[in-house]
Amino acid sequence: MSRRAPFVPDGVPVLSRGRHRNPRRGACFMEMASFLAGERWSDHPTCTHPVLATLARCVNDMLDDTSRQRIALMIPEVVGLHPQDDRVAAALVLSTARAAIPVAAEERQNIMALAILNAEGILAERDGREPGQLSDTSRAALTRAPAAERWARIHLARMGFNSAALRPANASKVVALAVDGVARACVDDTEQRLVQMLRDGIDVVSAFAPLEAAPVTEAQPQPSVTTAPAPRSRWTPRTFAR
């Protein structure tokens with residue numbers, strides 16, 4: 001089983017920042033996704049998990065004009081990528097917060113550390129693991145901001161884990177803050193980090209989505225030697241309907 005190969009038709013608008021009334025005025029990442037999905041033109045289509053859609057919109061708007069075109073081929077991958085597993089939001093929070101915490105400003109690092117520890121704790125409870133156990137990836141990310149981790153652990157000791165923070169609407173806010181933290185970071189590879197955040201986010205959500213089954217073709221009976229072969233039908237090329 002395999003996912004469909006990405007396809008972007010020729011003649012689509014070049015990606016640009018912000019929201020657009022129609023394709024003639026340009027398109028952002030999620031508007032193009034709505035177009036490919038056959039939905040009403042919108043940057044909030046229903047074809048994509050809402051937290052992943054937030055990540056895509058934020059990355060789209062934070063990239064410069066040249067780097068933004070690098071994410072265009074990822075658009076078909078988010079069409080129909082809307083798994084119903086309630087762990088998806090937490091997984092996206094972890095992915096984006098881990099990416100942001102090494103480079104974000106100090107106050108933003110505190111939020112990212114808290115998001116990582118809270119998401120790990122909630123997921124551990126749901127999976128029947130010890131809440132204090134961290135994945136290797138989260139452990140490595142937190143070591144890059146030890147002061148933020150200490151602050152987050154003190155906060156959690158007082159308040160406890162908060163499952164409401166991982167609801168899609170709240171998780172989207174954390175994801176947006178993570179993207180903003182990277183976009184404002186004083187590093188030389190900001191654009192690459194943003195592109196990679198989206199790439200990793202799509203991969204994270206794809207892990208929760210069932211793979212598309214390969215088409216099953218039934219074996220056709222072989223004609224006997226006395227049976228004339230059926231005439232071959234003419235093939236008509238399909239055109240992309242806008």
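Visitor: At what angle do helix α2 and helix α9 pack, and how far apart are their axes?

Guide: The angle is about 25 degrees, and the axes are 9 Å apart. α2 covers residues 50–62 and α9 residues 168–183. Axes are lines fitted to C-alpha atoms, for helices over the stretch in contact, with angles from 0 to 180 degrees between N-to-C directions. Helices are DSSP runs (H or I, at least four residues), numbered from the N terminus.

Visitor: What should I know about the model itself?

Guide: It is predicted: local features need pLDDT of at least 70, side-chain atom pairs count only at pLDDT 80 or more, and totals for chains, interfaces and linings use all residues. Residues are numbered from 1 along each chain as its sequence is written, and side-chain values use heavy atoms, with hydrogens and water left out.

Visitor: Which residues in α2 meet α9?

Guide: Pro50, Val51, Thr54, Leu55, Cys58, Val59 and Met62. Their partners in α9 include Ala171, Val175 and Val179. Contact means heavy atoms within 4.5 Å. By class, the contact of α2 with α9 has 12 nonpolar, 2 polar and 1 charged residues. Ala, Val, Leu, Ile, Met, Phe, Trp, Tyr, Cys and Pro count as nonpolar, Asp, Glu, Lys and Arg as charged, and the others, Gly among them, as polar.

Visitor: And α9 with helix α10: what's the crossing angle?

Guide: Roughly 160 degrees, with the axes coming within 9 Å. So α9 is roughly antiparallel to α10. Ala178, Val179, Val182 and Ala183 in α9 meet Thr190, Arg193, Leu194 and Met197 in α10.

Visitor: Switching to helix α1. How many of its residues are buried?

Guide: 7 of its 9 residues, so it is mostly covered; buried means under 20% relative accessible area (exposed is over 50%, partly exposed in between; 1.4 Å probe, protein chains only). Those buried residues pack against α2, α4 and α10.

Visitor: Where does histidine 49 sit?

Guide: In the loop between α1 and α2. Histidine 49 is buried, at 6% relative accessible area.

Visitor: What does histidine 49 touch?

Guide: Leu81, His82, Pro83, Val88, Ala89 and Leu92, not counting residues up to four places away in sequence. Also, a polar atom of the histidine 49 side chain lies 3.2 Å from the backbone nitrogen of valine 51.

How values were computed. Helix = DSSP H or I, 4+ residues; strand = E, 2+ residues; numbered from the N terminus. Parallel < 35°, antiparallel > 145°, perpendicular 65-115°, else oblique. Polar contact = N/O pair within 3.5 Å; in protein donor to acceptor, adjacent residues only side chain to side chain.
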